[in-house]
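Visitor: I would like to learn how to read the features of a structure that is new to me. Could you take me through them one at a time?

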Amino acid sequence: MAIHLRGHHLLCLLGYRGIGYSEQFARNMSSVHDRLLKDPETEVCIVQGPDDLCACFPDDQVYHCDDEHVGTRDQRILQRLGLEIGEELTWGEIQSRIARLVNPEEIAEWCFTCSWRSLGYCEEGVRRIRAGHGLVPLPARIHGVEVYGVQVDSQTRCGHYASDRDIIAIRFPCCDTYYPCYQCHQAVAGHPAATWSTEQFDRKAILCGACGTELTINQYLACDSVCPYCGSQLNPGCKNHYHLYFER
Ligand code: SF4
Ligand SMILES: [Zn+2]
Ligand SMILES: [Zn+2]
Ligand SMILES: [Zn+2]
């Protein structure tokens, strides 16, 4: 069955990072996001007014889904994308229209009343789509810390490095965001990775996936592949890739 979406939610989904108006709202939005991420051939039906995401708006908050200014935002975005109410098309086609027709800076004008806008995720989402990437995979929460990447497990292993000892994530200085590895950053971030300079080696930038402690780069480089806090064995092979993360 097609997913029913209103105009502005086509852009909200690009900026979605797993948080929403309530737990139930976020759970529902995560499942829609997950379907579109995994299968861009999913059919989407464009609707006017409240849609499949609005359906889980919490009862105890001020309902704004029928507000006129929200309807106006929908219209402006649909007009830009050349879409009509009732039209059905794939999510992949919607993404390619966004890539061709939307400038990230326009979100500030279209969505000036939105409380989520200041996070900057939606502009970043549009930039990713324009760069040929898809939706951002939702972050894993490891000991309360968000870690982005590809198939990230509960201890920071990923689709690229998944041995028993692959249990650290690295915060990248370009986006202040944790990823399990440089390939995860490449696949998800939508911008080139930067490395930490030697003057920044006192910054906490390594997350131990076993105990959740954030180590400074100096602590990590001196730890001889053993977490100084929980004693877990870390992968000594990571040394071969230090130049991708740290200036030496
Ligand atoms: S700024 Fe708000 S309304 Fe606009 S796309 Fe982002 S979340 Fe949606
Ligand atoms: Zn980055
Ligand atoms: Zn990875
Ligand atoms: Zn540890």
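**Strands, zinc sites and rings**

Guide: Let us begin with one pair of residues in two neighbouring strands: the bridge partner of Ile3 in S2 is Val44. Please keep in mind that this is a predicted model, in which local features need pLDDT of at least 70 and side-chain atom pairs count only at pLDDT 80 or more, while totals for chains, interfaces and linings use all residues. Residues are numbered from 1 along each chain as its sequence is written, chains are lettered from A and ligands numbered from 1 in the order in which they are written, and side-chain values use heavy atoms, with hydrogens and water left out.

Visitor: In which sense do S1 and S2 run, and how many bridges join them?

Guide: Strands (E, at least two residues) and helices (H or I, at least four) are DSSP runs numbered from the N terminus, and two strands pair if DSSP finds at least two bridges between them. Here S1 and strand S2 (residues 43–46) run parallel and are joined by three bridges.

Visitor: What is the order of the strands in the open sheet, and which are its edge strands?

Guide: The open sheet has three strands in the order S1-S2-S3, with mixed pairing. Strand S1 (3–5) and strand S3 (88–90) are the edge strands, each pairing on one side only. Axes are lines fitted to C-alpha atoms, for helices over the stretch in contact, and angles run from 0 to 180 degrees between N-to-C directions; with direction ignored, neighbouring strands of this sheet are turned by 35° against each other on average. Helix H4 (residues 91–101) packs on the sheet and touches S2 and S3, its direction making about 80° with that of S3, where contact means heavy atoms within 4.5 Å.

Visitor: Is strand S6 largely enclosed or exposed, and why?

Guide: A residue is called buried under 20% relative accessible area, exposed over 50% and partly exposed in between (1.4 Å probe, protein chains only). Five of the five residues of strand S6 (residues 168–172) are buried, so S6 is largely enclosed by the rest of the structure. Ile168, Ile170 and Phe172 point one way from S6, whereas Ala169 and Arg171 point the other way.

Visitor: Which strands pair with S6?

Guide: S6 pairs with strand S8 (residues 204–208) in the antiparallel sense over three bridges, and Ala169 has Leu207 in S8 as its bridge partner. Strand S7 (residues 177–179) also runs antiparallel to S6 and is joined to S6 by three bridges, with Arg171 opposite Tyr178. The hairpin of S6 and S7 has four residues between the strands, and in this hairpin Asp176 takes a positive phi near 55°.

Visitor: Which residues coordinate the zinc ion (ligand 3)?

Guide: Donors are N, O and S atoms within 2.8 Å of the metal (3.2 Å for Na, K and Ca), and water is not among the atoms, so sites may look incomplete. The zinc ion (ligand 3) is coordinated at 2.2 to 2.3 Å by Cys158 (SG), His160 (ND1), Cys181 (SG) and Cys184 (SG). The donors follow the spacing C-x1-H-x20-C-x2-C along the chain. His160 lies in the loop between strand S5 (145–147) and S6, and Cys181 in the loop between S7 and helix H7 (182–188), so the pair ties together parts that are 21 residues apart in sequence. His160 is partly exposed, with a relative accessible area of 30%, and Cys181 is buried at 1% relative accessibility.

Visitor: Which residues hold the zinc ion (ligand 4)?

Guide: Cys208 (SG), Cys211 (SG), Cys227 (SG) and Cys230 (SG) coordinate the zinc ion (ligand 4) at 2.3 to 2.4 Å, and their spacing in sequence is C-x2-C-x15-C-x2-C.

Visitor: How are aromatic pairs described, and how many does this structure have?

Guide: A pair of aromatic rings is described by the distance of the centres and the angle of the planes. Rings of Phe, Tyr and Trp (its six-membered ring) pair if their centres lie within 6.5 Å, and planes under 30 degrees apart count as stacked, over 60 as edge-to-face and the rest as tilted. A search of the whole structure finds 13 aromatic pairs. Among them is the tilted pair of Tyr148 and Tyr179, at 6.3 Å centre to centre and 45° between the planes. Tyr148 is buried, with a relative accessible area of 7%, and Tyr179 is buried at 4%.
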